[in-house]
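Please review the structure shown below.

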Amino acid sequence: MLLSRLVDKHHGGFGLAKCLTFPLEVVSSIVLMALMLLTCGDVIGRYLFNNSINGTTELTELALGIIIFCQIPVITIAASHVVVDILDGFLPAIFIRLSGVISNVAVGFGFFFLAQRIWQMAERSLRRGVVTEFLGIPVAYFVQFISVMMCVSAVILIIVAVRNLLQKAKGVSAHD
């Protein structure tokens with residue numbers, strides 16, 4: 001009950017948004033906490049025992065990839081991307097809305113293209129057996145995760161664009 005109220009309070013948006021953003025934020029939070037503990041352990045080991053934790057750099061790189069790509073769909077759902085709105089005061093509202101729809105569709109298809117290319121890189125890494133240098137962690141699964149998150153973000157952008165387009169159409173017909 002408390003968890004449900006907490007999720008409702010902090011996550012708005014359309015129906016699936018709450019089901020998607022909360023788990024991604026939990027994963028990001030857990031990985032960030034692990035990264036903080038790893039860094040503290042590494043610093044303590046380095047200064048007190050004159051020995052750092054092996055593979056800290058690799059684990060940090062992988063953790064940052066997880067955190068960043070877990071947050072891209074969350075930022076996309078919240079529409080928290082960087083927006084330059086210098087001309088918004090001078091342009092008609094219909095142009096601003098239409099340009100928003102066009103940019104969401106363009107970026108969404110760009111994300112689909114990137115997701116496909118990243119997936120190909122993951123397949124190549126899997127075929128070649130690419131692993132991290134010190135710890136031997138397979139890289140392909142992390143690259144696949146990045147590809148999936150890019151694809152999820154692309155779907156969200158397309159859904160938001162279609163939703164905004166349909167809302168505009170309903171809004172225009174309601175005023176006529």
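The points that follow are grouped by topic.

This is a predicted model, in which local features need pLDDT of at least 70, side-chain atom pairs count only at pLDDT 80 or more, and totals for chains, interfaces and linings use all residues. Residues are numbered from 1 along each chain as its sequence is written, and side-chain values use heavy atoms, with hydrogens and water left out.

**Largest pocket**
- The largest pocket has a volume of about 800 Å³; a pocket is an open set of points on a 1 Å grid over the protein atoms alone, where a 1.4 Å probe fits, with protein on both sides within 12 Å along at least five of seven lines.
- Lining residues have an atom within 4 Å of a point; of the 30 here, Val 83, Ser 99, Gly 100, Ser 103 and Asn 104 are the closest to the centre.
- Helices H3 (56-77), H4 (93-128) and H5 (140-175) each give two or more residues to this lining, and H4 provides the largest share, ten residues.

**Second largest pocket**
- The second largest pocket has a volume of about 150 Å³.
- H3 gives the most to its lining, with five residues.

**Asp 42**
- Asp 42 lies in helix H2 (residues 15-48), helices being DSSP runs (H or I) of at least four residues.
- Asp 42 has 7% relative accessibility and counts as buried, that is, under 20% relative accessible area with a 1.4 Å probe and protein chains only.
- Asp 42 touches Ser 52, Ile 53 and Thr 56, not counting residues up to four places away in sequence; contact means heavy atoms within 4.5 Å.

Technical notes
Buried < 20%, exposed > 50% of the residue type's maximum accessible area, 1.4 Å probe, protein only. Points joined across faces, edges and corners; volume = space filled by probe spheres on them.
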